[in-house]
Amino acid sequence: MKDTSRTILNALDRRAFLKAASLPCLAACGGAFAGAPLAAPLFATPPATESDSQFIREAKFYEKLPYKKTKCKLCPRECVIDDQERGYCGVRENRGGTYYTLVHSRVVTAHIDPIEKKPFFHFMPGAVAFSLATAGCNVNCKMCQNWDISQVRPEQVRSTYAPPDKITALAQQNSCPVIAYTYSEPVIFLEYVLDCAAAARPAGVRSAVVSGGYIQADPLKKLCAQVDAIKIDLKAYSEKYYKEVVNGELKPVLDAIVTIRKAGVWNEIVYLVVPTLNDGDAEFQGLARWVKSELGPDVPLHFSRFHPEYLLKNLPPTPIETLERAKAIADAEGLHYVYIGNVPGHPAESTYCPHCRKKVVDRTGYTINGVYLHHGKCQFCHTVIPGVWT
Amino acid sequence: MLGSTLAALKLGDGRAVALPSASAEAGRSRVVIARDAKIRSAGVGFDSARLAQLLDHALQATFECDSPIEAWKKVVRPGEVVGLKVNCLGGRGNATHPELVEAITERLRQVGITEMVIWDRQNSDLEHARFKIAERGSGLRCFGNDVLGFEDALAIFGKAGSLMCRTLTQVCDAVINLPVLKDHGIAGVTLALKSMFGAIHNPNKYHSDAGNPYVADVYAFPPIRQKVRLHICDGLNAQYDGGPSFMPQWMWPFNGLLVSRDPVALDYVGWKIIEKKRLEVGAPSLREQKREPAYISTAADAEHRLGTCDPQRIERVEI
């Protein structure tokens, strides 16, 4: 088996990462593409092939069925897979009645990003996250910004072998206090996330997950036990949208958010506002009421601006007035931390104390201008501002 | 039934086959079902001479020609690069038979085709189905989509958006589609329409709702609908349940080929053959199993117009 570890270490040095992270895209977009990798993958190794056994592990969450079929128990889709076939995600394959993940340690892209890019606004502000992804996704959002890695099979894109201990080492070498599993969908590379997080925690490196939250309860609970923060992309507050635009379901995602909250893992929610499809007042209000009643008023809710991508190029970017309307509705429902995302320089990028209304985290785009907290409390009125601040 | 407006087609062995007259078939799609109960050789495998003859008869009946060469000339032109899209997912048990492909390549050579490409999803799939990989050179090549990869730009139709394989878009001028007559555990059946999932990068995304409308949407991508000229469904062995994987307990020797220029009509006829077999053995219908292939009628609708599934407009010719 080819040992590519040296190649990875050489390719992923700090200089290369900083170069990538400072590409013009960052300044030009100013966060307009908050979910997208900033640059081409840094790995320089040849494409991996499907036969590369180093990436293949038996899946953790599935059932064996008669006639060599398997039923995946990772996400609510519960794909029933014939021999030699793959699930909807494209990265799990039935081989002779045993189900395998094909993407363990199979990193398709890795970058150093500000944690605000995920976005996390109440989790280690100003930190940089060693951010990685494998190929694949268990939904197929028509507006996906990263479809060229999320909607492909692992053998169709360039990837590199990066086992968990290497990821921890790379994060430390690059002064990243957190590893972010992001860009595509960490649910579909869950075994790898769990192993990376388990390797990172003893080294003092935290783990943050950026997910659509389309996952079954059992694997989610195991995930919650290993990671420090989970951001959920709640695509809409309607089953119709989930069926027609996301190719998924709303209810399991709502259930997952409640599970995360109960598990005590830091959680933020992003709602990408797509013109004409999920931008109605009633939907904003329903969402805000659900968040307040099921999660409480302190969960940060980000209304993010949509940009035309993938299969929704026919729609315009979200008008800023629409985002402000969404925020106003959520504020009126009593949520404490409602943000507007992908609009660099907007006042609603900053965090305000819900009691005295003073700015406690001052942001512009991904830049932290100032943090006015003392031991997690507003330094002006001493109100506790929930989050993981250090 | 063919009714009273019958013409006769003389096959190479002197037999005559009744065909509808030209006037009767205007606006209709012909599906030829050619079978030979003696096609199997004494041991394992097929009698290559009888298989070639079966293919010839099917082509002649499809195109109403007195010779197979004449028929093939209506499919391809000399100088074209012809792709032979096989279906290898089931491995050697229920994939397109190399013996059939060999018979086709022989006839293609005889009508001036010098460049042919046997292709499917991956090299490994082809090898499991007994095809020998030949990525380079001229003449007859054989390789999977993993060799040339996929286009960078998306093809989009209806609910489907996919990258097309370069073998189809950049190499082939024309394609002969060679699916297998078999059941599909999610989509009901996998015949001419669904076999073209092998031309896209993300077939795993399109099995929801028994493949409807995705199978029709994918086939409507211009490179597919414009380049696929003929469908020859390999029914030498057929499978009525448990597909697409090879399940020998649910296979039966159909000993035949289904040939048509209309993928929708072929799928409709093939689906009914599988349903009939299921009924014979006491298996529930595909509708009862909630996997009726509704994508076939979707493919025929006004949005897709890929062919017909109206039994009144399908000429089913059995030889």
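Just after helix α8 of chain A, A:Asn247 takes a positive phi of about 65°. The model is predicted: local features need pLDDT of at least 70, side-chain atom pairs count only at pLDDT 80 or more, and totals for chains, interfaces and linings use all residues. Residues are numbered from 1 along each chain as its sequence is written, while chains are lettered from A and ligands numbered from 1 in the order in which they are written.

Helix α8(A) spans residues 239-246. Helices (H or I, at least four residues) and strands (E, at least two) are DSSP runs, numbered from the N terminus. In α8(A), A:Tyr242, A:Val245 and A:Val246 are buried (20 or more other C-beta atoms within 10 Å of the residue's own, with C-beta atoms placed from the backbone; 12 or fewer is exposed, in between partly exposed). These residues lie on the same side of α8(A), because they cover an arc of only 100° around the axis. The arc is that of the directions from the helix axis to the C-beta atoms. The buried residues of α8(A) pack against α9 (250-263) of chain A.

Chain A also holds an open sheet of 3 strands, in the order β2-β3-β4, with antiparallel pairing. Strands pair if DSSP finds at least two bridges between them. The edge strands, β2 (62-64) and β4 (80-81), each pair on one side only. Strand β3 (70-72) and β4(A) are joined over 2 bridges. A:Lys71 has A:Val80 as its bridge partner in β4(A).

In chain B, B:Gly256 lies in strand β14 (residues 256-260). B:Gly256 is buried, with 24 other C-beta atoms within 10 Å. The C-alpha atoms of B:Gly256 and B:Leu54 are separated by 7.9 Å, although the two are 202 residues apart along the chain.

How values were computed: Contact = placed C-beta atoms within 7 Å.
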